[in-house]
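Dear colleague,

Please look through it before reading on.

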Amino acid sequence: NEEEMIDLSKMTFGQWIDLDVYLSNGITKHLDDIVNLIYNIENGGDRFFVDVMGDITTAINYRKHVYTQYKNLFNSEANDDDSPKQKANAAKVWRDILITVADEDITKFDQILDTNLITVFNFLAFKKEKAYRQYLESQKKRA
């Protein structure tokens with residue numbers, strides 16, 4: 001393959017959401033979209049699967065790695081593909097997370113979507129820990 005894969009460690013939150021939604025909905029259904037995303041191109045359908053399958057596997061493994069690193073963030077046990085079990089549609093879950101990060105301010109969406117994935121996940125982890133500490137404090141006051 002003559003295309004160079006994006007640096008997954010520099011993936012934006014928006015790219016992550018797209019990749020996760022595509023993989024959640026099925027590689028065969030979104031193969032062209034995945035190829036477009038991981039190579040930052042627009043004509044992924046022109047590639048032979050054998051030429052891109054190694055990099056697609058790398059992207060899948062990176063997704064598994066991120067979900068493993070942040071499993072406490074999602075309050076879930078990993079399933080067979082190491083992604084959190086989601087009962088809801090992946091796109092709706094990510095929409096809700098984006099709204100939470102943006103404090104329900106739509107004018108912040110683009111900036112957040114362009115922010116590095118790990119930065120956003122670290123921020124979410126911080127917010128979750130802070131909320132948990134506040135919960136514990138409120139329980140102490142009630143006791």
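The buried residues of α1 pack against α2, α3, α4 (90-101), α5 (109-113) and α6 (117-142), where buried means under 20% relative accessible area with a 1.4 Å probe and protein chains only, and contact means heavy atoms within 4.5 Å. This is a predicted model, in which local features need pLDDT of at least 70 and side-chain atom pairs count only at pLDDT 80 or more, whereas totals for chains, interfaces and linings use all residues. Residues are numbered from 1 along each chain as its sequence is written, and side-chain values use heavy atoms, with hydrogens and water left out. Helices are DSSP runs (H or I, at least four residues), numbered from the N terminus.

Among the buried residues of α1 are Phe13, Trp16, Ile17 and Asp20. Aspartate 20 counts as buried because its relative accessibility is 1%, and its side chain makes a polar contact with the side chain of arginine 63 at 2.7 Å; such a contact is a pair of N or O atoms within 3.5 Å, of which, within protein, one must be able to donate a hydrogen and the other to accept it, and residues adjacent in sequence count only if both atoms are side-chain atoms. After α1 comes glycine 26, which has a positive phi near 115°.

The axes of α2 (residues 27-39) and α3 (residues 49-69), which are lines fitted to C-alpha atoms over the stretch in contact, come within 10 Å and cross at roughly 80°, so the two helices are roughly perpendicular (65 to 115 degrees, with angles running from 0 to 180 degrees between N-to-C directions). Their contact includes Leu31 and Ile34 of α2 and Val52 and Ile56 of α3.

Best regards

Methods: Angles under 35 degrees count as roughly parallel, over 145 as roughly antiparallel, 65 to 115 as roughly perpendicular and the rest as oblique. Buried means under 20% relative accessible area, exposed over 50%, partly exposed in between (1.4 Å probe, protein chains only).
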